[in-house]
Amino acid sequence: MALVSTFAFVLAMLALGRGLAWRAVVGPDAAHTLNQVVLYACLPAAILRHAPKLSFEPALLGIVAIPWILVLVGALLVLGFAKWRALGRAETAVLLLLCTLGNTSFLGFAVIPVLAGEAALPHAVLYDQLGSFLQLSSFGVITLAVYGGDARPSAAALVRRVVTFPPFLTLAAALTLVPAELPAVVDGLLARLEGALLPIAALAIGVQLRLAVPRSRISLLMLGLVTKLVLMPALALALCLALGLSGDMRAAAVFEAGMPGMITAAALLGSAKLAGDLAAALVGYGIVVAMLTLPLWKWLLAVVG
């Protein structure tokens, strides 16, 4: 599927999901149910098909390091800005999570094959599972605890959250037990499950999509969008050049860094009553704007070579 038609399909599914929610055709738990299908079926299928094809080399460490460097730099920038502007705790928490954590699995796994080809997907899997997911489970959870006023989670609780996450368990199996070439019947079944990833994930995002934001927070919305969709992928590209990453690795890192804010993080922020309207708007507008910025990063990657 061509890039334009893929993005048009994503927007159509987002609109369908939003319409279903607006008309109350689906219940409030619909997005959660769809997300569970993605977590327990579609994402593991994609991981099992592509992760075993990775051949280990030192450069893979760069794929894992880049998201952690981005989170560190992004957090320092947000904290500095929050202190300068005397932001409230809720707004600071939203920017900390949604300027640094991206939708690298639900949306990333779906569009990266279109943006960069199937060969880039195994590297995106590493970026997501050893980067974004671990960051949400550690940095994200601690941020919610600190700014939401809850008790800070123990190290054991963080580890338990990681090792019981279905895609992470699948990645561990894929890298150690699953052969690179699967039997045709198994590969065909997994391919069908993987193919359902884009429509189900986009529909789930559409059901949760929110675009309304108070006028007083528009400047923060713009700041968050520029930071996540422009600054983060630009820094990822610079890190790729510094670390000597090229080809599929570079594409995976830049595109994953340029994904809009993580919808799971936004949902957690809303549950913690931490500026949920701003978080939802950052995700909603981020998905729409990313349909424009991601092709621009594709063009820039072609220019850089």
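**Figure 1. Helices of the protein chain.** The protein chain holds 14 helices and zero strands. Helices here are DSSP runs of H or I with at least four residues, strands are runs of E with at least two, and both are numbered from the N terminus. The radius of gyration, taken over C-alpha atoms, is 18 Å, close to the 19 Å that the globule rule gives for 305 residues, so the chain is as compact as a globular protein of that length. That rule is 2.2 Å times the number of residues to the power 0.38. This is a predicted model, in which local features need pLDDT of at least 70, side-chain atom pairs count only at pLDDT 80 or more, and totals for chains, interfaces and linings use all residues. Residues are numbered from 1 along each chain as its sequence is written, and side-chain values use heavy atoms, without hydrogens or water.

Figure 2. Of the 305 residues, 51% count as buried (under 20% relative accessible area, 1.4 Å probe, protein chains only). Take the contacts (heavy atoms within 4.5 Å) with a separation of 6 or more: residues 24 or more positions apart account for 87% of them.

**Figure 3. Close-up of phenylalanine 109.** Phenylalanine 109 sits in helix 5, residues 108-116. Phenylalanine 109 is buried, with a relative accessible area of 3%. Beyond its neighbours within four places in sequence, phenylalanine 109 is in contact with residues including Leu43, Ile47, Leu121, Val125 and Leu197. Asp128 and Glu256 are also among its contacts.

**Figure 4. Phenylalanine 109 and isoleucine 142.** These two residues lie 33 residues apart along the chain. Their C-alpha atoms are separated by 26 Å.

Key. Buried means under 20% relative accessible area, exposed over 50%, partly exposed in between (1.4 Å probe, protein chains only).
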